[in-house]
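The tour below moves from the whole chain to single residues, one selection at a time.

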Amino acid sequence: MERLLDFSQPVDVGLLEQVVKALNTSLDAQVRQQANQTLMAFKENPNAWQTTATVLDSSKDGMTKFFALQVLEDAIQFRWMALPADQREGIRNYVVKMIIELTSTDGYSNDKDLKLFVNKLNLILVHILKQEWPHNWPNFIPEIVGSSKTSEVLCENNMKILKLLSEEVFDFSKEEMTTDKVKKMKNQLNSEFRQIFELCQLVLAESTRPSLVIVTLQTLLRFLAWIPLGYIFETPLVEQLMTKFLPDVQFRNDTLACLTEIASVRDPNYDPVFNNMFVGVMQMLQRQLPPSTDIPREYETASDRECLFIRGLSLFFSSFFLNHLDICERQENTQNTITAMFYLVSISMVDEKEIFKICLEVWNKFAKDLYESDRRSGGSNGMAFMGSAQGSSRKTMYATVLTRVRSVMISRMAKPEEVLIVEGDDGNIERETTKDTDAIAQYKTMRDTLVYLTHLDYEDTENIMLSKLGLQCDQTLNEFSWNNLNTLCWAIGSISGAMNEEDEKRFLVIVIKDLLMLCEMKRGKDNKAVVASNIMYVVGQYPRFLRAHWKFLKTVVRKLFEFMHELHPGVQDMACDTFLKISQKCRDQFVVLQAAEKLPFIDELLEEIQQITRDLQRHQRQTFYEAVGYMVRDQSNEEVRNALLERLMQPSTEQWKKIMQLGSQNNQALTNVETIRELADILRTNVRVCSAMGYSFRPHLMGLYLDMLHVYKFYSGKISESVVSAGDVAIQHQHIKVMRVVKTETIRLIETFVSGANSNADLANNFVPPLIEPVLGDYLQSVPQARNAEVLQLFVVIINKLGSDAAAAMNGKMVSLILSPVFVPTLEMITQNYTEYPEHRIAFYKLLKALNQHCFERLFDVPSDTQKNIIDAIVWAFKHTERNICETGLEICLRMLENVASAPDNFSQNFYQQYFLSLLQEVLVVLTDRLHVSGFTMHCHILKHMFGVVQSGRVHVPLGQQQGGTDNQNFLKQHVCQMIAGAFPNVATKHVEEFVVGLFDPNKDLATFKTHVRDFLIRLKEFSSDDVVNQLYRQEKEEEQRRKEEEVLRQRAAIPGMLTQQEKDEMADL
């Protein structure tokens, strides 16, 4: 194989064929690996592209030919501008010549392999165009249009090239070319489009070759998104599509796609065209697909072409209704519009997820618009994009449609996230093991839609739901099914808050009574599990109703206690989860004395807690205790609250004390595996209750705190002894694993308490000092495999909680007491490679970030060698390939530089002199490295700051050791130019100098600065192997998405029943 890599000799085509064949067909993994290495080395050679013509002319193997094209493609994408002009022209002419020759071959039209090969050549030609057109190939458009008129076969392939060119320039250009290059290509394509359009018109008017007409329609579809509107609306194009091609079954789908794209345009000047288009489509549709057609049933046996037609119809109606409903609502179009919506309702029932998603989007936006227009119905019009009739009259016009849409939403409601009981592939009911994210997203959209529809006519929604529920409960009709009951109850739960309280009360009383009756009626564990699941879901969605009706609340909670004894998979989990949700929403109701009750419910519950939880597994019992914790927290009387807390924790406290007493008599008792597991279980229960109670958990925690730390230290010693005697393998022994669980849960309990604490002084004086020796001392002395990453995370939480008080804590010594045991040991663990100890690595940099943010002076109040270690650690972080670590490192670096800039001169100037140039170099390295492209925005923040402090004169000391009399600004320009030129020798010197000068421009805001840097990086891509630059726009996309989400959240908050609990929490944070 070495002979293949000797480019001083002609390429051995036969040997190349053997290597390609070995890669694709050999059963020997070693042979495939060797073949792959050889081919990669071949491809990476700068001269490899020169073998392409020989291989294509001589080889008979299709895979080898494709490999040769890949070699040529790489040269065009990454080395094109480094090639001499005559070679570039030669490649261009060769590719064009091959395309023309191959498409002129007899039998080309029926040769699939040859067509595939030509498609690859088409793509290569487009890559050349991206480099050469228009500046070096100004006649390309006239040439391709002219050649298309010589042969229908060549014309068909040229259409594919034009389609690819349109996609590259208008769809994918942002990540592939500089902003200026894209602009020039778009302008050129626009200026010469008349020739292309005339060619399309010629084909559509005169060609009798179906395949050419189809590819022309597909190419035209790509153009419709960007061409000037005159080509669409001021030519016979739309009329031609409607009358000639839409009625023809073989062209119908592509024509409908074009009409769908046209319908997405909004321009009142062309409303007559849109009107005629809508009427024409409806006339064709009623001839080819009568309104009485049972579309869901017909779809089941339809051909692929017919199925695509139904999908195309959903897209057309979606586009037209969302953009031109005002035209549809004209009086002369009313009947057509209602008929069209009935079509869409019928299509919505097709058992195809993608089609339903399209329809769902229409119904969601349509219902939202009707709701908003109805809310403003006092003479004001609907939204501009949908309709102009008054709200109430529009609602009346669509009444029958809306009834059908409600029925569709109810019968097809997606499963909510809270429901844990599902029907398995074998038809049995089981506990869900993985979350269906698509179903969760679809549920949210369907929920919103049904809330709007309920606001429009709650009586109709209620009648449909109660009618369907009646069918489920009527044993004589035999209508009961798991799916029907599930979708109905999920729909009922989804409209919580959408009715006023009186209507909701009347509705829910019927629903809950019927469901409880159904639960009693049904026989069989699976049936009961399904009904129980739906009862729990429904009641969990109506906390307002439960809070206002104590008897129902108590009945529901008692029913949940019954379900906690049901051993069917998933029922107990859902019962505990629902109990937790109700406790969070209605907790105040359980701690007050209700009318006709002798005691607050919390007292009854605590009396029966052992009985209620006896059949629960450990994790379920912990959820139960957390739920009760929320109730206890809501008791405003501190003395009563503390008493309730002790009663709640009494069983675990007694067990804890018993174990501690045994340990005090004989500490070996603590090494029993079952005893260790009991301690872990007790601690987990405490963690869950503490998470519910927050700082109110303090009295109970203080009773355990010192014992916990003693147990922590004892197990630390035992683990160390085992490692000394048995080596590192001891970490894997079962009893050691369980001891480590106890240590981890101890840390989690303290962390949970600290997170909810509201007294920094209490934390700093009473909780932090006892931690230092047993926890940090153990961390220092343990072998790396035995160190708990949770220890680092605990001190991250402590530092962030204390905030500005952290620097002064423990007489100003806390920072050094934390850093000394963890900094060097952890750094040694995580810098051996990029993969080991990922949890420690993440927690370590979070700790460094917290210290840098809140205790900067203390962090750098260390010897110079330790300072250098800190800087090196930050550089190591932002050079990491794990995105979250890399971005944390960049955040630390930026905050550190900002802190330095505001520090006294005696510190800042010394820092700049020692670390500025090395930091700048490391940032530039990761900026130009495709593995770190996700940090692009932070790279720009850091560079803007660093060049800004130099440009503004805030750096007084010389940055370079041999700077001489040159000022810092000019020295840095020269230094950076040399660095970049050395790293990228193929980049023109003027481009490097322009880039560096732009970095110093104080008038650039961050957005402009990022564009400047981004364009330079894309320019680098043309000369390097970097083919992943698409993330350079990630920050802008995320920011835009965040703004949109916040605005949507505010709009949803104004609609009763629309916000979920999670969204209410997010709203509170805004």
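What follows is a walk through a predicted model, beginning with the overall view and ending in the loops.

Start with everything selected. The protein has 1070 residues, of which 53% count as buried, and its secondary structure comes to 50 helices and two strands. Along the principal axes, the C-alpha atoms fill a box of roughly 100 × 90 × 65 Å. The exposed surface comes to about 47,600 Å², with carbon and sulfur atoms supplying 48% of it. Among contacts with a separation of 6 or more, 72% are between residues 24 or more positions apart.

Next, colour by domain. The assignment includes domain 1, made of 1-51 and 65-80, domain 2 at 84-202 and domain 3 at 228-349. If you select domain 1 together with domain 3, you will find their C-alpha centres 51 Å apart.

Now select helix α46, residues 968-983. How far apart are its end C-alpha atoms? They are 22 Å apart, which agrees with the 22 Å that 16 residues should span at 1.5 Å a residue. Show the side chains of Asn-968, Phe-971, Leu-972, Val-976, Cys-977 and Ile-980, which are buried in this helix. At the start of α46, a side-chain oxygen of Asp-967 comes to within 3.0 Å of the backbone nitrogen of Gln-969.

Most peptide bonds are trans, and most residues other than glycine have a negative phi. Select Trp-133 and Pro-134, where the peptide bond is cis, with omega near 5°; Pro-134 sits in the loop between α6 (112-132) and α7 (140-148). Move on to Ala-596, in the loop between α29 (571-590) and α30 (601-612), where phi is positive, near 70°. Ala-596 counts as exposed, because its relative accessibility is 84% and exposed means over 50%. The last stop is Asn-811, in the loop between α38 (789-802) and α39 (814-830), with a positive phi near 60°. Asn-811 is exposed, with a relative accessible area of 75%.

Notes
Residues are numbered from 1 along each chain as its sequence is written. This is a predicted model: local features need pLDDT of at least 70, side-chain atom pairs count only at pLDDT 80 or more; totals for chains, interfaces and linings use all residues. Side-chain values use heavy atoms; hydrogens and water are left out. Helices (H or I, at least four residues) and strands (E, at least two) are DSSP runs, numbered from the N terminus. The expected span of a helix is 1.5 Å times one less than its number of residues. Buried means under 20% relative accessible area, exposed over 50%, partly exposed in between (1.4 Å probe, protein chains only). A polar contact is a pair of N or O atoms within 3.5 Å; within protein, one must be able to donate a hydrogen and the other to accept it, and residues adjacent in sequence count only if both atoms are side-chain atoms. Domain bounds come from an automatic or database domain assignment. Contact means heavy atoms within 4.5 Å. Accessible areas come from the Shrake-Rupley method with a 1.4 Å probe; for residues, only the protein chains shown count as cover.
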